Amino acid sequence: MFINCHSYFSLRYGIHSEEAVLKIAKHCGAHTVALTDINNTSGCLNFIRLAPKYDIKPLIGVDFRNGVQPLYVAIAKNNIGFFHINQFLTAHTNHSKPFPNQAPDLEEVVFIYPYEQVLLMDKQSFRPNEYIGICVRDLKKLRFSKLTAWSKHFVASNPLTFTSKQDFNVHRLLRAVANNQLLSKLPKTEEAHPEDLFLTTESMQSAYTSYPEIIYQTEQLLDNCEIFFDFSPNRKHQNKKNYSGSAEQDVLMIKQLAEQALPYRYDHINDTIKTRLKKELDVIIKMDYVPFFLINWDIIKYAKSKGYFHVGRGSGANSIVAYLLGITDVDPIELDLYFERFMNLYRSTPPDFDIDFSWRDREDVTQYIFDRWGKEGQASLLGTYNTFKHSASVRELGKVFGLPKLEIDKLSDGQYVFKNLDQLSQLVIVYAKRLQGMPNYISVHSAGIIVSEKHMHYFTATDMPPKGFPTTQFDMVIAEDVGLYKYDILAQRGLGKIKDSLTIIKHNQPKAHLQDIHQVKPLLHDPKINHQISRAQCIGCFYVESPAMRMLLKKLEVDTYLGLVAASSIIRPGVAKSGMMREYILRHKNPERRKQAHPVMWDLMEDTYGVMVYQEDVIKVAHHFAGLTLGEADVLRRGMSGKYRSREEFQKIKEKFATNCKEKGYSDQLTSEIWRQIESFAGYAFAKGHSASYAIESYQSLYLKTYFPLEYMVAVLNNGGGFYRVETYVHEARMHGAIIHPPCINQSYYDTTIQGKNIYLGFQHLHGLETLVANRIVQDRKLNGPFRSFDDFIDRVAIGIEQLDLLVRIDAFRFTGKDRRSLLWQAYYKLNHIAKDHFQSKLFQIEHRTFSLPSFNITQLETAFDQIELIGFPLCNPFLLLAQQPKNKNLASDLSKHINQTFELFGYLVTVKSTTTVNQDRMQFGTFLDQAGHWIDTVHFPPVVRKYSFRGKGIYRLVGKVTEEFGFISLEVQFCERMDYVEDPRFSVKEVY
């Protein structure tokens, strides 16, 4: 009789997880339970997966409603019925169509109408699969009801949502949040009935004592329904079964592709390569992942045909087959990559490829996947659940309770003592904790795409988000559980920088010799590139430009590919947290310290001095050091990264780890230390192949930065920059000899461009300039040639006075030889009465009146302040803007002469990173530029942070102790203050001309 159960996937309505529903039902004595969430199927598959654990027969369906008005409950008689329910639900929700009052005639689906809804509809006939749901509160109305003529269609159907009054209170809060209303104003029609409670089977039987036929008919209905999805450990995957038409053809194809690529990838094909290839192919074929590889290969083939750059990373980069198929550019033989991290016969989870494309190209690649495999509904984006977090919960509930914004902000930021709060504020905190972790709405996974053998509606209904591609209502964990393995198609700007650089170089230096960027091996051994890495001269380069990475590269003096691969993983927070970053540096610098490594650890990880650096190190240590099987080791790795499905399973592995270590004779201290290292970093470290993929892209960008720095920095600017603001990349270009120009009417395009060493900032950097206007300027110039004068521009380009004002003030008309004040005077005189929406290009040339204007003197300071306002930074040296020039000319290069001494210098703030100490005190790391444009790195400990806080961009006077660690020099700040700029001369009361 548990026919209409709601979980919290009845979004902003239900309050219990699908597992909690099963626990409650089990406690109530239920043997068959139907999960029917409101217009949603998110919980269905996991409900089926978990039901055997509670000895419950699961059924699934949907409670169809328009708003909160119940229409009918659909229950799938079998998998075919679930497919039809999903199709019906999707067709209406994707087009925002209301559901009809009359249920459709769907194959293998049972429909149950609420008693009140039948009366409202005055429904006169019922199909064999249509029933009337009689809940407990309807029984007293039944004796005199005209519906008794249809008593053969009566079933016991109680909406089951709550277990207590507090549950109902949470429900009311969710409904108020959903309706964006004060709780006191929430209409009763927007709430569930307070009696929609889970009842014991005994209570249900007792309530229907006078109507035993209802109980019988209900049991018959439930007995006739059965749903099955395979969640067993040895389940077959549900992805596309083959690529070419048959499994045999697929196997032949993957072998041929791999064999054909061997000469391209390897100059000498030795036994090691052949053995590795055979081993991988055997495992891939045995585990039936051949189509998975071939579809990834097909995606890459399409991308290459369109000239798109890509990076294949993730654990998939550990595979030689992936390397030969062009999915990745990482040679697993050269790096001795651990294939078992990627795939082994004991691993229950699928292979993992993360394929990056340029942010401009990813959408087209996604469209190709859906065009290629999604025409018959077999492809979908992967959904994800956006859950209530503390801040969102507090803010939503604060509004529902009517708290003022100031009070809500205080509660959201945690700035309170609970016992000192008033009653309403305490209620907000109490109920916010109840909401945390509950799904708020369904979103789209950042990268995951599923390609299934069956139609996606066999598994789930699909949503249609703004991206325009169908999206599952379950997440990646459920997808893996049921055997649907995702293809990760991601976007990043680094590839756009590389691709655009090549185009810009060919245009600006047509005779320059360019190496094949995809043949990376020569780049890895280029002494100039490796020298740049060792000096941490990597601004603008993928993954290696941040202050933390600059610090690490200098400390390690990285000058090899393998060194950069290790650094790419060491920089991850888990390795630093475990203390292994410091230990790695110590062993890297001091060969004697390497002897402290445990012999087994050294044998497993000699290339990293016995220190765990990569994800697969967890598998190696668990398997070889602690004696776990490869399958158990992989459960351990996934558990450390928070991806475990079962805490109990993970706990058993943890206990077995300790037991095995004890049997091997390891001390408790050693076992605890190794476990601590695993526990603290495994969730954050990269797989070695993943780090290697990142390092490859870093080398590609470093090659371009080393040999074509100006063109590369232009590409960086046109692809949204990177870790730093635009100003930093403009500065970096200038340090490499570029001459930087503000936007120019006759030279600039929407993107930044380069002519020789002259870089013209693009119109995109001019704050407030509309894209339409920028494109209009460029288009007219292409059609009619350069603008000859200010009047010529006004005649040819449809532009309003506000937009023209921006262009004049940034000095975009400097080719005219006229000062900006004169041009502004002309602009306002000529355009002030022309609304920009009604401006039209003139058919005939008109004569412009000329005026004699006084000579205006515009200072460099005025120009700088205009630039700060319009593009965000001055193009001159910012130190020129100081009200008082620095008292000294100390530079970053002087720091090495004053180790452990107090030193003073002035720096232009670039970026600040805030963090917390173990005592939860706030500390900061600063990055500045000195008066010569070179880097200053600072450390601000908690007492200094409390006393001398940063006050935004600008130039700071820095006083502190110079420290050096592993060759990296920084300033431990003891005092800092922001220096005043001169008064803005544009608003000065002094005469400026």
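Strand S1 (residues 2-5) and strand S8 pair in the parallel sense, over two bridges. Cys5 has Leu160 in S8 as its bridge partner. Before going on, the conditions. The model is predicted, so local features need pLDDT of at least 70 and side-chain atom pairs count only at pLDDT 80 or more, while totals for chains, interfaces and linings use all residues. Residues are numbered from 1 along each chain as its sequence is written, and side-chain values use heavy atoms, with hydrogens and water left out.

Some terms. Helices (H or I, at least four residues) and strands (E, at least two) are DSSP runs, numbered from the N terminus. Two strands pair if DSSP finds at least two bridges between them. In general, strands of a sheet pair through backbone hydrogen bonds, either parallel or antiparallel.

Back to the sheet that holds S1 and S8. Eight strands form an open sheet with mixed pairing, in the order S7-S6-S5-S4-S3-S2-S1-S8. Its edge strands are S7 (154-156) and S8 (159-160), each of which pairs on one side only. Helix H8 (residues 212-223) lies across S1, S2 (32-38), S3 (57-66), S5 (109-114), S6 (130-134) and S7, and runs at about 80° to S7. Axes here are lines fitted to C-alpha atoms, for helices over the stretch in contact, and angles run from 0 to 180 degrees between N-to-C directions. Contact means heavy atoms within 4.5 Å.

Which strands close into a barrel, and in what order? Five do, in the order S19-S20-S21-S23-S22, again with mixed pairing. Neighbouring strands of this sheet are turned by 50° against each other on average, direction ignored.

Going through the pairs: S19 and S20 run antiparallel and are joined by eight bridges, with Thr915 opposite Met923 in S20. Helix H23 packs on this sheet, touching S19, S20, S21, S22 and S23, and its direction makes about 145° with that of S23. S19 is also joined to S22, antiparallel, by seven bridges; there Phe903 has Gly960 in S22 as its bridge partner. Gly960 also stands opposite Val973 in S23. S22 and S23 pair in the antiparallel sense over ten bridges, and Val962 has Leu971 in S23 as its partner. The hairpin of S22 and S23 has two residues between the strands, and in it Phe966 takes a positive phi near 55°. S21 and S23 pair in the parallel sense over two bridges, where Val939 stands opposite Glu972 in S23.

The elements that give two or more residues to the lining are H23 (547-556), H25 (573-577), H26 (580-589), S19 (902-916), S20 (922-929), S21 (935-940), S22 (955-965) and S23 (968-978). By class, the lining has 21 nonpolar, 14 polar and eleven charged residues.

Ala, Val, Leu, Ile, Met, Phe, Trp, Tyr, Cys and Pro count as nonpolar, Asp, Glu, Lys and Arg as charged, and the others, Gly among them, as polar.

Last, two helix pairs. H37 (residues 801-809) and H38 (residues 820-831) pack at an angle of about 170°, with their axes 10 Å apart. They are therefore roughly antiparallel to each other, a label for angles over 145 degrees, with under 35 roughly parallel, 65 to 115 roughly perpendicular and the rest oblique. The residues of this contact divide into eight nonpolar, no polar and three charged.

The axes of H32 (residues 688-707) and H33 (residues 709-718) come within 5 Å and cross at roughly 125°. That makes H32 oblique to H33. Ser701, Leu704, Lys705, Thr706 and Tyr707 in H32 meet Pro709, Tyr712 and Met713 in H33.
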